[in-house]
Amino acid sequence: MSSILAQRAQTRDSSGRFTRALELLGEETATARIAGIYALESLRRDGEATLRGAIVEVLSAFVRRRARWEIGFAPVERTAGDVQAALTALGRAPQDDVGADRPLDLHGIALREAYLPLCHFER
């Protein structure tokens, strides 16, 4: 019985951390968004397996939205710090978190001078 209660408490904690991290991703300042990215990475590493795929999808969507390639616009000089942080977090995610049924979706992005050492984007 106590293990069930502990599991429910952990689920509530993970849900709260996930919600707060998503709120940070929507903030105006890059510092807050980066804090949200690293909060999601920490939750992916420490949290429930059910959230791992969702976290990878959220980070991928964040990169697609913030580093979108737009026809007719000059490319940005450098990859923004929050986009770099999200790419780094995605690159450190084990490939099991991405899943064969839903590969990492980074289509339509423009990256200039992104630093991606030790990142694994096989899928």
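Among contacts between residues at least 6 apart in sequence, what share joins residues at least 24 apart? I find 72% in this chain, with contact meaning heavy atoms within 4.5 Å.

Before going on, I note that this is a predicted model, where local features need pLDDT of at least 70, side-chain atom pairs count only at pLDDT 80 or more, and totals for chains, interfaces and linings use all residues. Numbering starts from 1 along each chain as its sequence is written, and side-chain values use heavy atoms, with hydrogens and water left out.

Fold. I count five helices and zero strands, in the order α-α-α-α-α; helices are DSSP runs of H or I with at least four residues, strands are E runs of at least two, and both are numbered from the N terminus.

Of 123 residues, 36% are buried (under 20% relative accessible area, 1.4 Å probe, protein chains only). I then checked Ile55: leaving aside residues up to four places away in sequence, Ile55 touches Phe18, Leu40, Leu43 and Arg44.

Helix pair. H3 (residues 49-66) and H4 (residues 81-92) pack at about 145°, axes 9 Å apart; axes are lines fitted to C-alpha atoms over the stretch in contact, and angles run from 0 to 180 degrees between N-to-C directions. Residues making this contact include Val56, Leu59 and Phe62 of H3 and Val83, Leu87 and Leu90 of H4.

Key
Buried < 20%, exposed > 50% of the residue type's maximum accessible area, 1.4 Å probe, protein only.
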